Amino acid sequence: MKFKAMRTGAFALAMVCAGAAAFAQSANLRSTLQDNFVTVTGGTFTMGRNDGEADESPAHRVTVSSFSMMDTEVPQWMYAEVMGVKASSGGNIPKDATWNDAIAFCNKLSVLAGLEPCYTLNGTTNVGLWGSSSSTWNAVSCNFKANGYRLPTEAEWEYAARGGSRQDSYKYSGSNTLDDVAWNINNSKDKPHDVGLMKPNSLGLYDMTGNQYEWCWDWYGEYGTRAVSDPTGASEGTYRVYRGGSWHSNASYCTVFRRGCDRPQRVISNLGFRVVRSLSGGNSVSTSAGQSASFDFILEEGSSIKLITSDGATWTSSNSSVVRINKKGKAMAVSEGTVTLTSSTGKTLRVRVEEED
């Protein structure tokens with residue numbers, strides 16, 4: 001069993017299964033997947049508000065699990081490379097896409113990275129077997145336990161836009177001054193701009209407000225009043241949710257609470273997406289007592305990793321040093337090499353790897 005640690009910002013949480021497929025098609029894409037993701041630590045927050053638009057209420061408590069989010073919207077060069085098409089204009093301009101385009105991109109990117117695709121239609125994750133993009137794609141299901149790329153849920157999007165566990169009190173993502181963080185109708189000259197040029201929010205996420213609206217997974221529906229964990233929206237519907245405002249939006253459409261929706265087959269010039277990966281559970285390794293599984297790591301020079309399992313187990317590195325890991329974890333300095341987990345319990349272990357500077 002081979003895994004590669006993938007850096008996702010200053011504090012990473014990653015165990016990427018390296019399958020038979022190539023990790024990426026170019027150094028540029030590989031660098032983006034390694035360096036342009038931010039770990040959003042899970043938590044509980046109050047989603048929505050009671051003093052805004054009607055569909056922003058009622059404010060209700062939501063718990064979200066940890067996930068990793070791309071720090072910008074998907075740019076045109078990245079979409080073109082993954083989908084095998086020509087970029088329609090500037091390479092770093094955010095890509096406009098239908099919701100159907102976005103989920104197809106997610107599955108194809110997952111395959112390129114050797115990860116398990118999240119989306120299934122008619123019993124297959126192979127987008128090439130789904131047929132042409134149409135309303136039949138409304139039956140797509142999402143496996144949120146898969147380690148591949150996907151769209152954020154609406155709850156994940158709002159949680160991240162508001163600073164994750166920090167829960168910043170800003171009206172927009174990262175500031176109360178719109179022009180500091182967002183390309184909007186007042187400063188965009190009525191066109192999109194390269195991703196990542198404005199001030200990021202406190203998590204290091206760019207353009208969560210403005211530049212391009214962003215698709216979410218959810219069917220559009222009314223909020224409930226009860227506290228919920230990892231909600232995924234209505235079970236069915238006509239419209240998919242989008243969030244964030246755009247280069248053509250005024251201030252009222254750019255708040256972290258404002259909701260929008262459209263048909264998943266519709267393309268709009270100011271509507272794109274960014275991708276996330278589920279991270280909360282780590283990877284499962286089923287072993288017998290005394291059985292081993294190996295993991296390959298490539299880390300930045302001078303960094304360290306934490307190897308954390310759901311119960312006690314013995315980790316042996318390539319230089320034969322042994323570290324006993326408990327539920328709280330213990331740091332082990334390593335820059336690269338192979339680490340072997342030998343099960344001391346014979347149970348299925350949940351494994352998580354964290355990299356930090």
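Q: How many residues of helix H4 (residues 154-161) are buried?
A: In this predicted model, the buried residues of H4 include Glu154, Glu156 and Glu158 as well as Trp157 and Tyr159. Ala155, Ala160 and Ala161 are buried too. Helix H4 is therefore mostly covered, where buried means under 20% relative accessible area, and the count for H4 is 8 of its 8 residues.

Q: Which residue just after H4 takes a positive phi?
A: H4 covers residues 154-161. Just after this helix, a positive phi of about 95° is taken by glycine 163.

Q: Which residue in S7 stands opposite valine 40?
A: Strands S4 and S7 (residues 67-70) run antiparallel and are joined by 4 bridges. Opposite valine 40, the residue in S7 is phenylalanine 67.

Q: Which residues form the covered face of strand S6 (residues 60-64)?
A: Strand S6 has a covered and an uncovered face. Arg61 and Thr63 belong to the uncovered face. The covered face consists of His60, Val62 and Val64.

Q: In which sense does S6 pair with S5, and in which sense with S12?
A: S5 (residues 43-47) and S6 are linked by 5 bridges in the antiparallel sense, with glycine 43 partnered by valine 64 in S6. S6 and S12 (residues 228-229) are linked by 2 bridges, and valine 62 has valine 228 in S12 as its bridge partner. The pairing with S5 is antiparallel, and that with S12 is parallel.

Q: Are H1 and H2 roughly parallel or roughly perpendicular?
A: The axes of H1 (residues 27-35) and H2 (residues 76-83) come within 11 Å and cross at roughly 115°. Angles of 65 to 115 degrees count as roughly perpendicular. H1 is therefore, relative to H2, roughly perpendicular.

Q: How many nonpolar residues does the contact of H1 with H2 have?
A: H1 passes H2 in a left-handed crossing. Asn28, Leu29, Thr32 and Leu33 in H1 meet Trp77, Met78, Glu81 and Val82 in H2. By class, the contact of H1 with H2 has 1 charged and 2 polar residues, and the nonpolar count is 5.

Q: How is H2 oriented to H3, roughly parallel or roughly perpendicular?
A: H2 and H3 (residues 99-112) have axes 9 Å apart and pack at an angle of about 70°. That angle makes H2, relative to H3, roughly perpendicular.

Q: How many charged residues does the contact of H2 with H3 have?
A: H2 passes H3 in a left-handed crossing. From H2, the contact takes Met78, Tyr79, Val82 and Met83, and from H3 Asp101, Ala104, Phe105, Lys108, Leu109 and Leu112. By class, the contact of H2 with H3 has 8 nonpolar and no polar residues, and the charged count is 2.

Q: What percentage of the residues in the protein chain is buried?
A: The protein chain has 5 helices and 24 strands. Of its 357 residues, the buried share is 51%.

Terms used
Residues are numbered from 1 along each chain as its sequence is written. This is a predicted model: local features need pLDDT of at least 70, side-chain atom pairs count only at pLDDT 80 or more; totals for chains, interfaces and linings use all residues. Side-chain values use heavy atoms; hydrogens and water are left out. Buried means under 20% relative accessible area, exposed over 50%, partly exposed in between (1.4 Å probe, protein chains only). Two strands pair if DSSP finds at least two bridges between them. Axes are lines fitted to C-alpha atoms, for helices over the stretch in contact, and angles run from 0 to 180 degrees between N-to-C directions. Angles under 35 degrees count as roughly parallel, over 145 as roughly antiparallel, 65 to 115 as roughly perpendicular and the rest as oblique. A crossing is left-handed if the near helix is turned anticlockwise from the far one by less than a right angle, and right-handed if clockwise. Contact means heavy atoms within 4.5 Å. Ala, Val, Leu, Ile, Met, Phe, Trp, Tyr, Cys and Pro count as nonpolar, Asp, Glu, Lys and Arg as charged, and the others, Gly among them, as polar.
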